[in-house]
Amino acid sequence: MTIETADAETTRLAFVCVQNAGRSQMATAFAERERERRGLEDRVEILTGGTRPADRVHEEVREVMGEIGFDLSDRTPTEISTETLLTCDYVATMGCSTLDVGETEADVTVRDWALEDPDGKDPERVREIRDEIERRVTSLFDDVERTFD
């Protein structure tokens with residue numbers, strides 16, 4: 001089996017949680033927007049997935065993301081493997097991933113964001129989680145941009 005790798009000019013980011021139905025989906029949406037805002041479409045590749053993907057993105061996540069202009073209704077949680085994550089430059093786990101890329105010799109920067117699962121939470125709490133994810137994604141992109149200098 002061949003491991004897919006990005007070229008030397010591309011930085012790969014992955015956003016991972018168990019179900020890939022809440023936090024990692026929000027992070028991915030913010031990352032896609034941030035990549036476009038910064039004009040990094042040719043330099044940053046974004047992946048997302050989970051170890052046990054849900055059937056769909058959580059309703060409360062779709063609702064609070066819709067409030068700020070993100071339509072996640074067409075997104076489907078997907079599985080992601082450790083092998084794929086080892087090809088990334090940065091992996092942001094949401095505090096629940098069972099994938100352990102930090103113990104490998106691969107050159108992967110792992111950030112465990114340890115965020116509360118929004119599933120079943122009231123809208124105000126989901127908004128707080130959403131806003132924290134947005135801040136962390138922006139900070140991650142600040143760090144990634146510094147590597148391009």
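R33 and E134 form a salt bridge through their side chains, with an N to O distance of 2.5 Å; the term covers a side-chain nitrogen of Lys or Arg within 4 Å of a carboxyl oxygen of Asp or Glu. The two residues belong to distant parts of the chain, 101 residues apart, with R33 in helix 1 (residues 23–37) and E134 in helix 4 (residues 123–148). Helices (H or I, at least four residues) and strands (E, at least two) are DSSP runs, numbered from the N terminus. E134 is partly exposed at a relative accessible area of 25%, where buried means under 20%, exposed over 50% and partly exposed in between (1.4 Å probe, protein chains only).

The model is predicted: local features need pLDDT of at least 70, side-chain atom pairs count only at pLDDT 80 or more, and totals for chains, interfaces and linings use all residues. Residues are numbered from 1 along each chain as its sequence is written, and side-chain values use heavy atoms, with hydrogens and water left out.

The protein chain holds four helices and four strands, in the order β-α-β-α-α-β-β-α from the N terminus. Of its 149 residues, 45% count as buried. Contact means heavy atoms within 4.5 Å; among contacts between residues at least 6 apart in sequence, 71% join residues at least 24 apart.

Helix 1 has 15 residues and spans 21 Å from its first C-alpha to its last, close to the expected 21 Å at 1.5 Å a residue; that expectation is 1.5 Å times one less than the number of residues. Twelve of the 15 residues are buried, leaving the helix mostly covered. Among them are R33 and E34. The cover over the buried residues of helix 1 includes strand 1 (11–16), strand 2 (44–49), helix 2 (59–66) and helix 4. Just after helix 1, G39 has a positive phi of about 70°.

Side chains of opposite charge can pair when their charged atoms come close. A search of the whole structure finds 19 salt bridges. One of these joins E34 to R38 at 2.7 Å, N to O; E34 is buried, at 6% relative accessibility. Another salt bridge joins D131 and R130 at 3.0 Å, N to O. Here D131 is partly exposed at 28% relative accessibility, whereas R130 is buried at 7%. Elsewhere, salt bridges with shared partners connect E34, R37, R38, D142 and E145 in one network.
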